[in-house]
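The following paragraphs guide the reader through a structure, moving from a helix to a sheet and then to a pair of side chains.

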Amino acid sequence: GVHYPAGFGTFTHKEKRPGPAGQEWTINLGATQLQVFRTIFDATFASVSELETPARGDGGVSAIIVPSVKDFQFALPDDTRAKVFEIWVKYDLSIRDPQGAEIGHWAFTAYGKTPTAFLKTDEEAIQAATVVALRDAGASMITGLQRDQRIAVAGPTTLLALMTSFQMGFRTLAIQERSSEVWRTLGAVK
């Protein structure tokens, strides 16, 4: 299951930056990041239940994932000394047992940058950088989940292939043990 904490789906970063305009920047990640995470989890796991709380003791789920934004930063063209906007987001996925006790966590970062040359306003540029960062977050989640040996990402086809592989491995082991017995018996007969 997945528990999206309050504020994850409405996450907004506000920051007043010094400069000629003294502009306050408002960057809204919430709804889009929630959509990205839902899409990734639905595509990755056989079934996903969204939970109201980060604990569910009824045995209906085998693990609970609780995503959170740990850090958010952005850079403006004045900061980068180039005509680009950049976004950095650090996420943490808390992995919990069905009762809600944390059993591990996985942190990853997302990065997005966009040039200002093709966009009419700074707001469009920062929004485009945000979209690129969220796309990077999705790619990081998919590749990271597949690389972590503690997590088996398996749909029906992948699960069947894993089970067949295990079955063949156990058959090979049984044949090796029997052949060792045969060789010992033949060695004793000599």
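In which helix does Glu-124 lie? Glu-124 belongs to helix α3, residues 122-147; helices (H or I, at least four residues) and strands (E, at least two) are DSSP runs numbered from the N terminus. The model is predicted, so local features need pLDDT of at least 70 and side-chain atom pairs count only at pLDDT 80 or more, while totals for chains, interfaces and linings use all residues. Residues are numbered from 1 along each chain as its sequence is written, and side-chain values use heavy atoms, with hydrogens and water left out.

Glu-124 is partly exposed, with a relative accessible area of 38%; buried means under 20%, exposed over 50%, and partly exposed in between (1.4 Å probe, protein chains only). Between Glu-124 and Thr-114 there are 9.8 Å in space, C-alpha to C-alpha, and the two are 10 residues apart in sequence.

Three strands form an open sheet in the order β3-β4-β5, with antiparallel pairing; two strands pair if DSSP finds at least two bridges between them. Strands β3 and β5 (102-115) stand at the edges with a single partner strand each, so one side of each is left without a neighbour in the sheet. Strand β4 (residues 84-96) pairs with β5 over 13 bridges in the antiparallel sense, and Ile-87 stands opposite Gly-112 in β5.

A salt bridge (a side-chain nitrogen of Lys or Arg within 4 Å of a carboxyl oxygen of Asp or Glu) joins Glu-50 and Arg-38 at 2.6 Å, N to O. Glu-50 lies in the loop between α1 (30-44) and β3 (64-75) and Arg-38 in helix α1, so the pair ties together parts that are 12 residues apart in sequence.
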